[in-house]
Amino acid sequence: MIYIVLNAVPIGLATLLALLLAQFIDRPRTVTAWIVALLSTLWLGAILAGALILAPPKAPIWVMTIGSAVVIWAGFVVPALATSLLMAGQRWAKIARACLWWLLVMVAQAVVMRLVGLVPPPV
């Protein structure tokens, strides 16, 4: 997991962007919510950075960048959110909004990290 330390700047910038997006979509209302939002977006940004570093060059770089974000979102974020929120009694509209927010966050983070640049771990 040394890649997280090596890429602290792009991951940090991607996290800040995600928190800025939170201001416009569904602003956290408590300190605890801010902390959870910070940690969640930081961790997903770190996971996404790893995926971007390891993505095989089978397609153009921007296809892999956006595609990696969408695959992680569709494969992990949507099922976890939909299941958890549905079990908590939330309506489909709220579930869809939460899922779309995370898609926006993950694509934006991928773009920022790709633009800033990511460093692979030493071999």
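Helix 3 and helix 5 (residues 92–116) pack at an angle of about 55°, with their axes 10 Å apart. That angle makes helix 3 oblique to helix 5; the labels go by angle, with under 35 degrees roughly parallel, over 145 roughly antiparallel, 65 to 115 roughly perpendicular and the rest oblique. All of this sits in a predicted model, where local features need pLDDT of at least 70, side-chain atom pairs count only at pLDDT 80 or more, and totals for chains, interfaces and linings use all residues. Residues are numbered from 1 along each chain as its sequence is written, and side-chain values use heavy atoms, with hydrogens and water left out.

**Helix 3 against helix 5**

- Helix 3 passes helix 5 in a right-handed crossing (left-handed if the near helix is turned anticlockwise from the far one by less than a right angle, right-handed if clockwise).
- On the helix 3 side, the contact is made by Ser40, Thr41, Leu44, Gly45, Leu48, Ala49 and Leu52; contact here means heavy atoms within 4.5 Å.
- Helix 5 brings Trp101, Trp102, Val105, Met106, Gln109, Ala110, Met113 and Arg114 to that contact.
- As for the geometry, axes are lines fitted to C-alpha atoms, for helices over the stretch in contact, and angles run from 0 to 180 degrees between N-to-C directions.

**Helix 4 and its partners**

- Helix 3 (residues 31–54) and helix 4 (residues 61–87) pack at about 130°, their axes 10 Å apart.
- That makes helix 3 oblique to helix 4, and the crossing is right-handed.
- Leu44, Leu48, Ala51 and Leu52 of helix 3 meet Met64, Thr65, Ser68, Ala69, Ile72 and Val77 of helix 4.
- Helix 4 also packs with helix 5, at about 150° and with the axes 9 Å apart.
- That makes helix 4 roughly antiparallel to helix 5, and here too the crossing is right-handed.

**Two residues of helix 2**

- Thr15 has its place in helix 2 and is buried, with a relative accessible area of 3% (buried is under 20%, exposed over 50%, partly exposed in between, using a 1.4 Å probe and protein chains only).
- Leaving aside neighbours within four places in sequence, Thr15 is in contact with Leu38, Thr41, Leu42 and Gln109.
- Thr41 and Gln109 also turn up in the contact between helix 3 and helix 5.
- Phe24 is found in helix 2 (residues 8–25), but this one is exposed, at a relative accessible area of 69%.
- From Phe24 to Arg91 is 67 residues in sequence and 21 Å in space, C-alpha to C-alpha.

**The chain as a whole**

- The protein chain has five helices and zero strands, running α-α-α-α-α from the N terminus on; helices (H or I, at least four residues) and strands (E, at least two) are DSSP runs, numbered from the N terminus.
- The radius of gyration is 15 Å, close to the 14 Å that the globule rule gives for 123 residues, so the chain is as compact as a globular protein of that length. The radius is taken over C-alpha atoms, and the rule is 2.2 Å times the number of residues to the power 0.38.
- Along its principal axes, the C-alpha trace spans about 45 × 30 × 25 Å.
- Of the 123 residues, 34% count as buried.
- Among contacts between residues at least 6 apart in sequence, 75% join residues at least 24 apart.
- The chain exposes about 7,400 Å², with carbon and sulfur atoms supplying 76% of it; accessible areas come from the Shrake-Rupley method with a 1.4 Å probe, and for residues only the protein chains shown count as cover.
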